[in-house]
Amino acid sequence: MSADLFDSLPDQRFSREQIAAGAVLLRGFAGPVESDLIAALHAIVEQAPFRHMSTPGGHPMSVAMTNCGGAGWVTDRSGYRYDGIDPQSGKPWPPMPESFRALAGRAAMEAGFDAFLPDACLINRYQPGARMSLHQDKDEHDFGAPIVSVSLGLPAIFLFGGLKRTDKPSRHRLEHGDIVVWGGPSRLFFHGVAPLADGEHAVMGRQRINLTFRKAR
Ligand code: SIN
Ligand code: FE2
């Protein structure tokens, strides 16, 4: 088989599952670039370490967070918002690595959303027991752009509901390298993550890292 023919074969390294209208789970999609992602992640965390932000009600979140890109998602006593400055350092968030941007764009395209240009990447760190309660991603200006969410490390149960908080969520086990993309009719669907089960991941250790790409501004 010639190299050209091999290159033109469809990429079989991931599989696709429709989880709602406008929402797709791409299993294994990030696998081929995992080492680039992890190296870039380490560099980001050196400049902008993980921290437990507080909800507007004053409760520290169980998930530790940081950001990269022009806009970072923050929460404190004054509410949820995007801010170009890391409140902990007073400096801009680290720039979004090209490997992050390119992966998010390819995943969005694969899910049917062309020309996704994220300016925000929220990085969530779950240690055993950490969870994220059902919420909508609605602090962005333009709901025309999808959300692209990359999972690394320990497996987690992702909950994907509907437009109402009371809609019963479907449950999806997300593993290292999986990506969920949601937009269009499900852009504002409630979603969350069940408490992380303890374990040890061969590459990432005792944690799950989630990269959530958004077009914030
Ligand atoms: C989020 O909704 O920001 C995080 C989702 C996840 O950790 O999979
Ligand atoms: Fe979210």
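Strand 6, strand 7, strand 12 and strand 13 each put at least two residues into the lining of the largest pocket. The model here is a predicted one. In it, the pocket comes out at a volume of about 640 Å³, and its lining runs to 35 residues. Nearest the centre lie Met61, Trp73, Met132, Ser133 and His135. Sorted by class, the lining splits into 15 nonpolar, twelve polar and eight charged residues.

Around the ligand sit Asn124, Tyr126, Met132, His135, Ser149, Phe158, His191, Val193, Arg208, Asn210, Thr212 and Arg214. Strand 6 (120-126), strand 7 (132-135), strand 12 (191-193) and strand 13 (208-214) turn up here too, each giving at least two residues to the shell. Strand 13 provides the largest share, with four residues.

Tyr126 has a polar side-chain atom 2.5 Å from an oxygen atom of ligand 1. For Arg208, an N or O atom of the side chain is 2.8 Å from a ligand oxygen, while a polar side-chain atom of Asn124 lies 3.4 Å from an oxygen atom of ligand 1. On its own, ligand 1 has 260 Å² of accessible area, and the protein covers 99% of that.

Conventions:
Residues are numbered from 1 along each chain as its sequence is written. Chains are lettered from A and ligands numbered from 1 in the order in which they are written. This is a predicted model: local features need pLDDT of at least 70, side-chain atom pairs count only at pLDDT 80 or more; totals for chains, interfaces and linings use all residues. Side-chain values use heavy atoms; hydrogens and water are left out. A residue is near a molecule or strand if one of its heavy atoms lies within 4 Å of it. A polar contact is a pair of N or O atoms within 3.5 Å; within protein, one must be able to donate a hydrogen and the other to accept it, and residues adjacent in sequence count only if both atoms are side-chain atoms. Accessible areas come from the Shrake-Rupley method with a 1.4 Å probe; for residues, only the protein chains shown count as cover. On a 1 Å grid over the protein atoms alone, a cavity is a set of points where a 1.4 Å probe fits but cannot get out, and a pocket is an open set with protein on both sides within 12 Å along at least five of seven lines; lining residues have an atom within 4 Å of a point. Grid points are joined across faces, edges and corners, and a volume is the space filled by probe spheres set on the points. Ala, Val, Leu, Ile, Met, Phe, Trp, Tyr, Cys and Pro count as nonpolar, Asp, Glu, Lys and Arg as charged, and the others, Gly among them, as polar.
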